[in-house]
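This briefing covers a set of paired strands, a helix and a nonpolar core. The topics are taken in that order.

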Amino acid sequence: MIATPPPDTRDWTSVLEGGCTECGWQPHPPAGIVDVLQKAAPRWRSVLERAEASQRPSPTVWSPVEYACHTRDMIRLLGERAGSMLAVNNPPLTDWDSEAVAVRRNYHARRPAEVSADLVRCTKATVDVMRTVLGKQWNRPGRRSDGTDFTVASLTQYISHEVHHHLHDVHG
């Protein structure tokens, strides 16, 4: 059985104001998410082409494939949540337990080429949603089940950080 990394209990919304000292990410205009996502996909492809992409650097640290699966799912989640926030006023944003999802979806057993192709598809779908956001729509709200309020704009920042941080994690 594969070791499970310890749960990440940090409140990552803290990076939305001042950036992330760990990876160097800084907030940017929300419409920049399209560019961020489009530039990240080829970087992930390069990471996933490495011979050791499926190997964990230590038993409780995700492999590049696992980080890419997580990033793919976060990109998909951005598209889904932004779409919901654009369609419904202040929708509830369902729970997302990334560690449980990783286990349930067997991130560790995924093939790098499959993950790369999935990441490209999810990126395209989410970019298509993000290109529809205009003017005041960036301020459309949604609330996470833990009570954290997001807007479409702050959600793009949250996901942008995820993409950047995990590329940093895998030296991409």
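**Strand pairing and core**

R143 stands opposite D149 in strand 3. The model is predicted. Strand 2 covers residues 141–144, and strand 3 covers residues 149–151.

Strands
- Strand 2 and strand 3 are antiparallel and pair over 3 bridges.
- Their hairpin has 4 residues between the strands, and G147 there takes a positive phi near 95 degrees.
- Strand 1 (residues 92–93) runs parallel to strand 2 and is joined to it by 2 bridges.
- The bridge partner of P92 in strand 2 is R143.

Helix 3
- Helix 3 spans residues 64–87 and has 24 residues.
- From first C-alpha to last, helix 3 reaches 34 Å, close to the 34 Å expected at 1.5 Å a residue.

Nonpolar core
- The largest nonpolar core holds 47 residues, of which W44, L78, M130, V152 and V163 touch the most other members.
- Two or more residues of this core come from each of helix 1 (15–18), helix 2 (33–48), helix 3 (64–87), helix 4 (98–104), helix 5 (112–130) and helix 6 (152–169).
- Helix 3 gives the largest share of this core, 11 residues.
- Leaving out residues up to four places away in sequence, V152 touches A82, M85, L86, M130, V133, Q137, W138 and R140.

Notes: Residues numbered from 1 in each chain as written. Predicted model: local features only at pLDDT ≥ 70, side-chain atom pairs only at ≥ 80, totals over all residues. Heavy atoms only, no water. Core = buried A, V, L, I, M, F, W, Y, C linked by side-chain atoms within 4.5 Å. Buried < 20%, exposed > 50% of the residue type's maximum accessible area, 1.4 Å probe, protein only. Contact = heavy atoms within 4.5 Å. Expected span 1.5 Å × (residues − 1). Pairing = 2+ DSSP bridges.
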